[in-house]
Amino acid sequence: MSEGTETTPERRGKWSPWAIAAAILLLLIFGVIAVGTFRGYFFVSAEDAAKQEEEQPKHADEEKKQKPDFDISTPIVMPSEPKSNQPFAKPGHWEATSQSMTANYRDFVGDSRLSVVDKDGKPYAIANTPFELRASRPVLLSKGRPKSTETTVLIPEQIQSVYLNNELDERGLGYGMPPIRTKVTVMPSYQYNFVVLAKEPSRYSFVKFLDSVQVPFDGESDADDTTDPVVYKVVQMPAGPSVALPDNPLTWTSTAYVLWDEVDPGDPFSPDQKKALVDWVEWGGQLIISGPSSFDLLKGSFLEPYLPASNGGTIKIAADNPAIAELNKNWLISTKKVPGEPLKLTTPWSAVKLNLAPGASFLPGTSELFAEKQVGRGRIIISAVQLSERDLINWRFGFQSLFNACILRRPAREYHPGYFGDVTLMWADEKYKDHRLDAALHTKLRFFARDLGIETSYHHEDLNDGSNANMGIGPNGQPIKIREYRAPNSPGGLGAWSDFSATAEAARTALHEAAGVEVPGSSFVVLCLVAYLTTLVPLNWLVFRTLGHVEWAWIAAPIIAIAGTWVIVQRARLDIGFVRAHTEIAILEQQPEHPRAHLSRYTALYASLSTTYDFQYPNLTTLVAPFPAKADFKMLIGDSPTGVNFQRYDDVRLVGLPISSNSTGMVHSEQMELLDGPIRIGKSAALGGGQIENRTKLELRSVCVVRKPTASEVKRSDRQTEGRWIGELSAGNSAPYSGLTTLPDKKITFGDERIAERDTISAPQLNLEPLFQLALDPKYMEEGETRLVARCDEVQPGETITPQASQVRGATLVVAHLAYAPPPPPEKDRNTSRDIKADSDKNPNAEPVEIFGE
């Protein structure tokens with residue numbers, strides 16, 4: 001519009017011819033579309049309609065033929081490699097499983113049940129109990145959307161025919177799917193997981209072929225199985241948005257080592273996974289961190305407080321670097337038969353200078369390329385260079401020994417001629433000669449409640465099952481000792497869930513003593529009957545005859561009956577309570593300076609009437625299962641085990657444990673418990689000396705501290721076990737600690753002091769003496785270990801039992817590891833396999849296959 005032109009209202013309200021034409025065109029277009037649409041909906045010919053009706057069911061049937069109601073992947077047992085179709089598990093261990101589920105045609109609300117069965121689908125019962133344990137959890141599936149579910153399951157102590165049986169049941173309707181069975185490969189007692197968690201896990205494929213992992217064995221007699229045992233199952237996992245590692249430290253027991261390289265410790269790990277990893281290290285796990293690229297990623301992470309060293313700056317290590325000369329000096333294996341070739345660098349190594357953290361040290365004989373730090377029972381080792389450097393791993397005359405002694409911290413080895421002319425690798429130290437496949441030398445993981453008193457080896461001829469298929473006979477007619485070992489009656493080796501360890505047996509004995517019902521003898525019954533009848537008839541009549549009111553004897557009769565019942569109940573001494581009673585023996589184990597503790601509960605429940613119990617735990621690390629009341633229990637022929645459900649979702653539950661009338665049932669549970677602080681050795685600012693600090697809320701009695709000297713200390717000064725009695729140590733308080741004194745050679749350590757303390761306490765106590773004796777026995781202590789042992793006379797919180805018992809009592813044995821001795825210096829192997837090949841007239845200079853090719 002040009003300037004100065006005025007538009008009137010009448011002009012603004014009129015349509016131009018072009019606007020009218022555009023509106024008509026739009027109306028025509030919309031009309032054509034509408035007519036076509038309505039014709040398709042309402043004016044379809046009968047022939048077309050019939051065809052559509054025929055085709056729709058066909059399409060639906062074809063779709064159903066292509067897809068089942070549910071798509072359920074093979075369950076994986078963590079840790080697991082991506083897209084692994086074969087689950088591996090250790091018998092006797094709790095394992096965390098994961099699988100993907102998809103409902104293809106409609107939403108599904110129900111439960112997933114996972115149980116362990118044999119090849120015929122028959123569930124395995126918990127050993128020496130009439131119960132089978134099923135892991136169940138709620139599942140909500142939206143149509144067409146895959147969902148990953150995790151379940152925790154107890155693998156029975158079986159070495160053959162183990163299957164995971166998976167079922168889906170819809171709530172209310174009972175609709176589900178047929179059971180899906182997946183075969184599980186059972187790991188031998190001596191085999192543990194070696195997890196490689198790296199940005200490029202393929203760089204560490206060489207680990208699978210190391211003699212530390214796949215041990216050469218050519219037999220010692222013609223009866224030997226010469227298959228090279230694989231003592232570590234290497235699991236290679238990439239660093240992605242998530243990691244297939246358990247979030248419960250008590251399901252890490254089948255893992256011995258984790259190798260970490262260029263992994264972001266932030267987002268891929270959930271808070272529970274971070275806690276689980278630290279707890280695993282504290283109880284004996286070993287974390288191997290490959291530098292130099294990992295340092296920056298770990299800075300400020302949850303692992304930083306535990307690292308042995310920090311990044312002191314980037315450096316280059318060339319062939320003439322003194323560190324290479326020191327490696328050759330200490331780890332080159334050269335003999336007269338086969339002179340060794342030193343480590344030579346073809347290209348300089350990228351590295352960092354290691355700045356040691358407090359409490360850490362450099363590994364002897366490695367210059368400053370490796371640093372380690374003890375973390376509880378376990379350790380963390382970090383390298384200045386990448387462990388997958390080609391020149392390093394292809395060092396034929398040193399790397400195998402360096403990896404075994406320094407990286408894995410295992411004893412020195414020696415190669416021997418095998419029975420059939422090849423090579424056999426054995427431990428070099430004479431004290432390990434009968435422990436070739438001893439689980440104790442393959443993992444440092446230990447739990448006081450599980451592994452105490454478990455022998456880790458036996459000879460085949462010691463078997464009492466009559467089997468001698470693998471036994472050879474020597475020239476003297478005696479069986480040949482075949483060095484093939486595992487824990488007796490425990491195919492899971494160390495770290496397995498154990499209901500028959502020394503501690504479990506002691507707890508069972510204490511529960512029977514405390515929770516038993518003393519049944520009156522026949523003489524007591526006769527005496528009570530005579531006394532009752534005498535009081536009711538002649539004495540009753542005589543008293544009221546004297547008073548002149550014989551009729552009152554009828555009124556007194558019911559009163560006498562009630563009083564007699566009360567007296568009989570009191571005299572029968574039903575110590576556990578007339579209706580329900582709950583008795584608990586617990587073991588609380590803590591590592592040095594660590595605020596979390598491993599709590600094991602052994603619970604006995606008595607019921608005068610048949611009762612079904614449910615157990616609830618808010619702590620998601622809890623594992624719980626029925627506990628055998630006796631070791632010789634056997635089910636009757638034709639009986640089948642009763643199903644009990646283990647549930648882990650928002651909380652942990654054991655549901656549906658039946659206990660018959662006038663009997664006692666038992667339950668075993670374990671969990672990682674966060675305390676208010678550790679029990680530790682500290683320093684007194686006021687006294688200027690040492691002190692034992694109780695930073696927990698536990699009221700401790702019978703407190704004592706003991707230390708087992710190292711072998712070198714015993715040789716030098718004939719030192720025996722040292723200790724100090726403290727007595728009571730209340731919550732939040734401390735006691736002076738000026739060192740330890742040599743203890744007299746008594747069978748029961750501090751037994752007189754505990755008796756004297758008990759005499760001063762009016763309230764009755766549960767008998768923890770068998771557990772005290774185990775905890776104070778030097779046989780069950782590490783060399784150089786200092787530990788505190790005490791008792792706490794209360795039931796630990798965190799467990800709800802329904803229905804509740806009218807009488808509840810309990811006691812806890814506290815075992816706090818205060819300090820461990822530093823590990824001994826690593827020792828290199830005595831020789832290499834080339835020495836044995838030279839003895840067998842083979843060419844010792846033949847080019848071997850390199851671990852990591854050019």
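Rings of Phe, Tyr and Trp (its six-membered ring) are paired if their centres lie within 6.5 Å; planes under 30 degrees apart are stacked, those over 60 are edge-to-face and the rest are tilted. Tyr204, Phe206, Phe399 and Phe403 form one aromatic cluster. The structure is a predicted model, in which local features need pLDDT of at least 70, side-chain atom pairs count only at pLDDT 80 or more, and totals for chains, interfaces and linings use all residues. Residues are numbered from 1 along each chain as its sequence is written, and side-chain values use heavy atoms, with hydrogens and water left out.

The protein chain holds 16 helices and 37 strands. Helices (H or I, at least four residues) and strands (E, at least two) are DSSP runs, numbered from the N terminus. The chain has 854 residues, and 48% of these count as buried. Buried stands for under 20% relative accessible area, exposed for over 50%, and partly exposed for values in between (1.4 Å probe, protein chains only). Contact means heavy atoms within 4.5 Å. Among contacts between residues at least 6 apart in sequence, 76% join residues at least 24 apart.

Aromatic pairs were examined next. A pair of aromatic rings is described by the distance of the centres and the angle of the planes. The count comes to 16 aromatic pairs. In one of them, the rings of Phe70 and Phe108 have centres 5.1 Å apart and planes at 85°, so this pair is edge-to-face. Distant parts of the chain are linked by this pair: Phe70 is in strand S1 (residues 70-72) and Phe108 in strand S5 (residues 108-117), 38 residues apart. Both Phe70 and Phe108 are buried. For Trp94 and Phe646, the ring centres are 5.0 Å apart and the planes are at 55°, so the pair is tilted. Trp94 and Phe646 are both buried.

Charges also meet rings. A charge sits over a ring if NZ of Lys or CZ of Arg is within 6 Å of the ring centre and within 35 degrees of the ring normal. The charged end of Arg436 sits over the ring of Phe217, 3.6 Å from its centre. For Arg450, the charged end sits over the ring of Phe447, 5.2 Å from the centre.

Single residues complete the account. Ser254 lies in the loop between strand S12 (232-238) and strand S13 (255-261). Ser254 is buried, with a relative accessible area of 1%. Beyond residues up to four places away in sequence, Ser254 touches Lys90, His93, Glu95, Tyr192 and Asn193. Glu693 is found in strand S30 (residues 690-694). At 9% relative accessibility, Glu693 is buried. The C-alpha atoms of Glu693 and Lys683 are separated by 8.9 Å, and the two residues are 10 apart along the chain. Neighbours within four places in sequence aside, the contacts of Glu693 include Pro678, Ile679, Arg680 and Lys683. Leu542 is in helix H11 (residues 522-547). Leu542 is partly exposed, with a relative accessible area of 46%.
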